[in-house]
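Dear colleague,

I am passing on the structure below, and my notes on it follow. Please read them with the coordinates open.

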Amino acid sequence: MNLPARKLRRTQKPPLALHDRAMDDLRYIRETMERSGSFTHVSGLGVIAMGVIALAAAILAWGATDLWAWLGAWLGAAGLSFAAASFLMARKSRAEGIPLLTGPGRKFAWNVVPPLVVGAALTLACLELGATSLLPGSWLMLYGAAVVAAGSHSVRPVPLMGVLFMTVGMAALLAPPSWGDAFMAAGFGGLHLGFGFVIWRRHGG
Amino acid sequence: MAAERGAASARRAREGGEDQTGLSPVEGYPEGGALELDRVIHERVRLGIVSALAVNGSLTFTDLRALLGTTDGNLSAHARRLEDAGYVLCKKTFDGRTPRTEYRLTAVGRRELEAYLAHMEAIIHATREQPEGSE
């Protein structure tokens, strides 16, 4: 049985001009390099959430009556911030259709972890020795170091934020111990809010 | 060793015609001139693989698939073509029981990408210099 001839639809697009194709290729190369080379899933909203949590923790820590309540406020805020930032980063990466732990994502994670482990060990040592006045400055500096190291695989505001954290941390170490909470609020609250807003505006999330 | 083999294959390819070579003259430009395109990386997925590997030491098959938004079969075929040309190196290992395929750009691949970028820039430059209505 002969089938009736099917009318062919013209599906081919008109050919691109050579110049346009070359421009398009260069754009594609640049975009692919940017997407694969930088970790762009740092969520602006996640960083803002970390700032809000830190400011709430600063209020709680300011009113804390003993060391454990103070420590509980800040460590609780750290845990909550980690959870919020991870959730929002995962959401951003899903929206972009790229798994969170691709090459640059893995590098980002590996760079964040060592300074944070050092921070945990130093916290234990300071508690043991009763040198708790060193904690705010050490936390800020080590978090800054983690952000600078990880930020080398991320968008530009991230390493800059790390440098400022280290600067605030240094100031906290040199300032009177009673100013510790103010520096923590300025760093973990203020810097996160400011940079979170910039990242959210420029890079989304 | 594999890179040398691949470089030789790419060289052979360049000396032959478009069918085996991977190279073809750009329309409107003299054959054998500076504006010949490397067909091995001119294709979009292969260009994406080479570009991504140029800024990363190595990337896994899964990373590349996610980054380029392509299928397993498609990526595999294009990666094989690049491997045969000596532009990328492929290393297969096991992460526990899970097979892991990792790709790296070879020196040949990096050089060819740079040459390709130079060709693209030359095309843009040449077409800009052409007086209007001369085509």
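Chain A has 7 helices and 0 strands, where helices (H or I, at least four residues) and strands (E, at least two) are DSSP runs numbered from the N terminus, and from the N terminus on the elements of chain A run α-α-α-α-α-α-α. This is a predicted model, in which local features need pLDDT of at least 70 and side-chain atom pairs count only at pLDDT 80 or more, while totals for chains, interfaces and linings use all residues. Residues are numbered from 1 along each chain as its sequence is written, and chains are lettered from A and ligands numbered from 1 in the order in which they are written.

Of the 205 residues in chain A, 40% are buried (20 or more other C-beta atoms within 10 Å of a residue's own, with C-beta atoms placed from the backbone). Among contacts in chain A (C-beta atoms, placed from the backbone, within 7 Å) between residues at least 6 apart in sequence, 71% join residues at least 24 apart.

Leaving aside neighbours within four places in sequence, Trp74(A) is in contact with Ala57(A), Ala61(A) and Met184(A).

Helix H7 of chain A (residues 180-203) has 24 residues and reaches 32 Å from its first C-alpha to its last, close to the 34 Å expected at 1.5 Å a residue (1.5 Å times one less than the number of residues). H7(A) has a kink of about 25 degrees centred on Gly190(A), the bend being the angle between axes fitted to the seven residues ending there and the seven starting there.

In chain B, an open sheet of 3 strands has the order S3-S5-S4, with antiparallel pairing (two strands pair if DSSP finds at least two bridges between them). Strands S3 (59-60) and S4 (88-95) of chain B stand at the edges, each with a single partner strand, so one side of each is left without a neighbour in the sheet. S3(B) is joined to S5(B) (residues 98-105) by 2 bridges, and Thr60(B) stands opposite Glu102(B) in S5(B).

Notes. Contact = placed C-beta atoms within 7 Å. Buried ≥ 20, exposed ≤ 12 C-beta atoms within 10 Å, placed from the backbone.
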